[in-house]
Structures are given as structure tokens and as C-alpha cells.
Amino acid sequence: MKHIMLICVLIIWTSIGFSETLIVDLAGGGDFTNIHDAVDDANSGDTVLVMSGIHIINATAGTISVNQELHLIGSGYDDPESGGTKLQSSANPLFDFTSAADGSSLQGFKLSGSTRIDVAADDMLIENNQIVSGTQDWVITFTSTSGDTLRNNYLGKSNSSTYRYGVNINACSDFVASNNLFYNFGYYVYGLSCSGGTNVKISNNLFLNCRNALDSQNSSPDITNNIFMNGTSTQVNVSGGSPVISYNCFFNNSSDGNTGVSPILDDPEFVDFNATNTYGYLSYDDDQFDLHLAETSPCINTGNPLID
């Protein structure tokens, strides 16, 4: 009986396994000096920790393809001289999280250049990144996923090209986009575009200086507690579907678009940002603005009480 029990324990132990942390360090102090090799060597559930520095991802190296659950974590989205992890990319796309990469995450990076991230994985978390695209391409695409979260990111364009694509949520379910900053998107495309899907929640985001901010096409997302400011064209566009639009703030836009129920049409009153300011791709690095709400802001304690 003891032998049988030992065999059972070994089987359980093997099936659980251990996840590892693989370190990518340009200076050679880790397990790898480039992200591609670390991702290729990793096992499902592993963490790839990318240390501070400027990591060049060129077209020759190509897309970083993730085909299993992996957690890619940088040292933060500050400039590398301040301890952050920057990926300077000319690969297109930069990341491809396939449908086999369910449960993966991407956190703590500063991405610039050709930054498109393609996501087909469920339960994916993209959080605490600064993603500044220098191309006309999408910044992030989510396609037919379930349970994904886009949270606490700075998302913008560094150029003034005609078509400034943002984030595309296509036929997704149980999706959450919250507490993100979108800036300098638009012109016949939107900073955030939602088409199809079910139970999509877009809340507590800030859209600054977007020509076109948010587009809902044949979809019914819950669009709540967001701020749209200094936009140069339609901020919220609805084409089919039955989105729930409520408790959003619109200020100093050429056209608010669909303001929905209980809009706040006053200055949101940031500590240091107003109608004469432009939020750009250097604004965070140069510490130009304080986007906390002032104590006198009309947006404090006036949003939908059911949304955190």
C-alpha cells in the first residue's frame, strides 16, 4: 500500500509541476540576453522577467509569438535611464498571443515604434504599460477572446498620420477596458473600437486629444464613467447594436457624439491639464501634466455608483 501511495504522490507532484522565472538581461546577468530566446525556452506558466534597458526588436528577429501561458513582465514603463524596460520595435506585429496562450499577461513595458499586439488568447491581462505607436497600424487587436482585461495603460500615437488606429475589440466576450489613457487617436478610425461580442465593459478611461475616441459597431458594450476631452471630431459613435452609455464626462470636443444617459458636460478639472493643453507622446516622460482630478471636479462621486 505504501508503494501505491508513493506512486500516486509522484503522479500528482509531476502533474502540478513548477513554474519558473526566466530573466532577460542585456548586460548578461540573467538567463538570456534577448526576449525571443527566453519565450522559446519557457514552459507553460513561466514568467519572463525583462530587466531595464532598450531592447531592440527588429524585423529580422520578427514577432514575439506566445503559444502557451506566459507572463512577460518588464521593470516598468519609465525611460530606461530611470529603470524602465523599453522595447523599440520594427517587427509587425510585435507580440502575437495565440489562442494557445490563454491566461498570459503583459505588464510593465514601454513599447515604441511598430507596437501592434495581436491577442487571440482568453483570460489575457495587459496592464501597466506605456504603448506609443509610431505607425498607422492598430496598437492592440483582441479577436474572438473571452475574459481579457486591458487596464492601467498609457496608449497613444507619436505621429500625425491620417489613420491613427487604436485598440480593436472584435467579437469578444467578458472584456474589460478600464483606467486607461488614450491619446492622439482617430481620423475615420477610433482610439477604441468595439464590434460584436457580449458583456464588454469600458469604464473609467480617459480620452485626450483624440480626433475620434470610441466607436461601437453592432455591439452593446457598457460605456460608463469615462472622460472625453479636447477631441477634434466625434468622440462616441454608435453604428448599430444597443450600447449602454451613461455617466460619462464630455468637455471641449468639436463633437461629443452620443452622450447617452446622465452625461457631465463640464470641465472635469484636472490638477494640471486644461482645454488649452495637448497631451502627446512625450507628456508622460517629461512629467508635463497632473491628471488627477482636483477636489472641486464635477466628476468626483458623480459616476455610475455600480462601477468601481
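When I say strand or helix, I mean DSSP runs, with helices being H or I of at least four residues and strands being E of at least two, numbered from the N terminus. Before going on, a word on what we're looking at: this is a predicted model, so local features need pLDDT of at least 70, side-chain atom pairs count only at pLDDT 80 or more, and totals for chains, interfaces and linings use all residues. Residues are numbered from 1 along each chain as its sequence is written, and side-chain values use heavy atoms, with hydrogens and water left out.

Back to S246. Is S246 buried or exposed? S246 counts as buried, because its relative accessibility is 8%. The cut-offs are these: buried means under 20% relative accessible area, exposed means over 50%, and partly exposed is in between, using a 1.4 Å probe and protein chains only. Not counting residues up to four places away in sequence, S246 touches I223, T224, N225, V261 and N304. Contact here means heavy atoms within 4.5 Å. Take T224 from that list: T224 and S246 are 22 residues apart along the chain, and their C-alpha atoms are separated by 5.1 Å.

Now compare two other spots. T85 is in strand β6, and T85 is buried, with a relative accessible area of 0%. Which residues does T85 contact, leaving aside its neighbours within four places in sequence? Among them are V50, M51, S52, H55, F109 and K110. H55 is 30 residues from T85 in sequence, and the two are 7.7 Å apart in space, C-alpha to C-alpha. E81, on the other hand, is in the loop between β5 (71-73) and β6. E81 is exposed, with a relative accessible area of 67%. The C-alpha atoms of E81 and L125 are separated by 26 Å, and these residues are 44 apart along the chain.

Let's zoom out to the whole chain. The protein chain has 2 helices and 30 strands. Its C-alpha atoms fill a box of roughly 70 × 45 × 35 Å, taken along the principal axes. For 308 residues, a compact globule would have a radius of gyration near 19 Å, and the protein chain has 21 Å, which agrees. That radius is taken over C-alpha atoms, and the globule rule is 2.2 Å times the number of residues to the power 0.38. Buried residues make up 49% of the 308 residues. Of the contacts with a separation of 6 or more, 55% come from residues 24 or more positions apart.

Charges next. The protein chain has 9 positive and 33 negative side chains, and the centres of the two sets lie 5 Å apart. Lys and Arg count as positive, Asp and Glu as negative, while His and the chain ends are not counted. The place of a charge is taken as NZ of Lys, CZ of Arg, CG of Asp or CD of Glu.

On to the rings. How many aromatic pairs does a search of the whole structure find? The search finds 14 aromatic pairs. Y154 and Y284 make a tilted pair, because their ring centres are 4.9 Å apart and their planes are at 55°. For the rule, rings of Phe, Tyr and Trp (its six-membered ring) pair if their centres lie within 6.5 Å; planes under 30 degrees apart count as stacked, over 60 as edge-to-face and the rest as tilted. This pair links distant parts of the chain, 130 residues apart: Y154 is in strand β15 (residues 154-157), and Y284 is in the loop between β29 (270-272) and β30 (290-293). Y284 is partly exposed, at 24% relative accessible area.

F182 and F207 form a stacked pair, 4.7 Å centre to centre with 10° between the planes. F182 lies in strand β18 (residues 181-183) and F207 in strand β21 (residues 206-208), so the pair ties together parts that are 25 residues apart in sequence. Both F182 and F207 are buried. They also belong to one aromatic cluster, made up of F182, F185, F207, F228 and F250.

Last, some backbone details. The peptide bond from N92 to P93 is cis, with omega near 0°, and P93 is in the loop between β6 (85-89) and β7 (95-97). N152 is not a glycine, yet has a positive phi of about 60°. N152 lies in the loop between β14 (149-151) and β15, and is partly exposed at 28% relative accessibility.
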